[in-house]
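Dear colleague,

Please find below the structure that I am handing over to you. My findings follow directly after it.

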Amino acid sequence: MVSLNKIIQAKITIGHFVNKTPFAFSARLSGVTGADIYLKEENLQRTGAYKIRGAYNKIANLTSDQRKMGVVAASAGNHAQGVAISAREFGVRAVIVMPESTPLLKVSGTKDLGAEVILKGDNFDEAYEFAVTYAKEQGMNFIHPFNDEFVMAGQGTIGLEMLDDMSDLDMVVVPVGGGGLASGVASCVKQVNPHIKVVCVGAKGAPAMWQSFNAKKSINSKSVRTIADGIAVRDASEITLANIIECVDEFVQVDDEEIATAILFLLESQKIVVEGAGAAGVAALMHGKIKHKKGAKIGIVLSGGNIDVQMLSIIIEKGLIKSARKMTIQVTLIDKPGALLALTDALKDANANIVKIDYDRFSTELEYGDASITITLETKGAEHQERIKKVLKEHGFEFTQVF
């Protein structure tokens with residue numbers, strides 16, 4: 001357990017530098033879950049994630065001689081930016097090692113904050129191994145993203161802020177990757193009020209910490225694959241695992257589809273942009289992974305908002321298809337003047353809006369004199385899509401629904 005005194009000291013140390021982020025009531029999410037949901041919006045933190053708290057607290061506690069040597073960190077992005085901006089504040093050289101798959105947004109954001117970036121490895125753990133070796137060879141200080149008491153204490157200040165705003169919470173929900181955030185927040189909550197239930201949420205594609213929690217011993221994954229890159233950690237940390245076993249009441253998992261649904265919900269209904277890790281807690285509540293009493297007061301940590309724009313675009317597109325707000329159909333027409341007009345007139349009768357159309361008359365799979373039309377439509381739900389298909393059949397069109 002991380003000492004409450006160290007968390008309080010961390011709050012004093014970082015208070016002038018980090019934002020006290022909103023802890024806002026979510027009417028929409030409360031309506032969906034039947035609980036009173038409050039969102040700790042660390043996506044609005046400086047650098048767009050909570051990691052700045054632990055990074056700044058760690059560098060602030062280095063000696064002047066250690067700072068002169070410079071710092072090295074390994075990160076999928078958020079810890080990188082936290083270390084970079086904190087090092088810049090203290091005038092310290094920073095080298096960040098990131099996995100080669102790290103989104104461009106996080107790489108460029110880290111460089112913009114004055115750090116040197118080295119891309120190495122397929123995941124965090126491979127980048128981590130290289131960074132540790134590099135720090136030793138260069139005589140620099142390695143800033144661990146979670147296996148450090150000053151880092152965990154810094155992250156724990158989130159718990160203090162939540163309890164300052166609402167002391168009578170029934171539950172706190174925290175995403176888990178390496179476990180630094182969970183260690184700090186859970187330690188804080190249980191020392192201030194042991195009756196508050198603490199729930200951790202991990203990604204199914206990165207199950208090491210979840211498996212370790214259940215086995216009560218460290219179990220590492222062979223590989224990780226999840227859209228929640230901020231919690232895509234392959235190996236379980238014995239240090240943070242011990243804190244989580246001691247302070248956490250329940251540990252659940254969510255898959256990528258559930259995370260994507262939560263990201264889209266927060267974007268569309270709450271006007272909040274979060275990354276995969278940041279949406280994990282909301283995903284767990286939305287999909288019934290966490291049991292709670294009706295009207296329970298639940299605080300959820302939205303750990304970060306640094307989502308890659310391309311990933312967000314894919315999530316939106318898939319979300320529109322899944323919610324029946326977009327459909328693509330393939331229609332076979334006799335290739336003659338007016339044939340396409342007849343099709344668009346039928347779609348007009350069904351009140352369907354065309355967003356994309358492709359006309360193919362040269363495919364070798366077509367009968368002579370036929371044309372294949374692939375058309376994407378903006379729709380208003382499953383009932384509307386059924387109406388569209390009914391109208392097309394009534395007009396004599398042969399078609400298949402692509403998605």
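Glu 250 and Lys 197 form a salt bridge in this predicted model, with their closest N and O atoms 2.8 Å apart. Glu 250 belongs to strand β9 (residues 250-254) and Lys 197 to strand β8 (residues 197-203), so the bridge ties together parts that are 53 residues apart in sequence. Lys 197 is partly exposed, its relative accessible area being 27%.

The count of salt bridges comes to 18. Another of them joins the side chains of Arg 53 and Glu 42, at 2.8 Å from N to O. Arg 53 is part of helix α3 (residues 52-60), while Glu 42 sits in the loop between β2 (36-41) and α3, so this pair links parts that are 11 residues apart in sequence. Both Arg 53 and Glu 42 are buried.

Arg 234 and Asp 235 also meet through their side chains in a salt bridge, at 3.2 Å from N to O. Arg 234 is buried, with a relative accessible area of 14%, whereas Asp 235 counts as partly exposed at 24%. Elsewhere, salt bridges that share partners join Lys 40, Glu 42, Arg 53 and Glu 161 into one network.

Beyond its neighbours within four places in sequence, Val 173 is in contact with residues including Val 199, Val 201, Leu 285, Ile 290, Ile 298 and Ile 300. In soluble globular proteins, nonpolar side chains tend to be buried together.

Which elements cover the buried residues of α9? They include α1 (4-14), α8 (149-165), β7, β8, α11 (238-247) and β10. Helix α9 (residues 180-192) is mostly covered, since 11 of its 13 residues are buried; among them are Gly 180, Val 185, Cys 188 and Lys 190.

Ala 208 is located in helix α10 (residues 208-215) and is buried, with a relative accessible area of 1%. Apart from neighbours within four places in sequence, Ala 208 is in contact with Ile 219, Asn 220, Ser 221, Val 233, Arg 234, Asp 235 and Ala 236.

Finally, a word on the overall layout. The chain is divided into domain 1 (4-49 + 148-316), domain 2 (56-142) and domain 3 (324-401). The C-alpha centres of domain 1 and domain 3 lie 45 Å apart. An unreviewed UniProt entry carries the annotation "domain: ACT" for residues 328-403. That span is 32% helix and 37% strand, and its end C-alpha atoms lie 5 Å apart.

With kind regards

Technical notes:
Residues are numbered from 1 along each chain as its sequence is written. This is a predicted model: local features need pLDDT of at least 70, side-chain atom pairs count only at pLDDT 80 or more; totals for chains, interfaces and linings use all residues. Side-chain values use heavy atoms; hydrogens and water are left out. UniProt positions are given in the numbering used here, feature names are shortened, and annotations may be inferred rather than shown by experiment. Helices (H or I, at least four residues) and strands (E, at least two) are DSSP runs, numbered from the N terminus. Domain bounds come from an automatic or database domain assignment. A salt bridge is a side-chain nitrogen of Lys or Arg within 4 Å of a carboxyl oxygen of Asp or Glu. Buried means under 20% relative accessible area, exposed over 50%, partly exposed in between (1.4 Å probe, protein chains only). Contact means heavy atoms within 4.5 Å.
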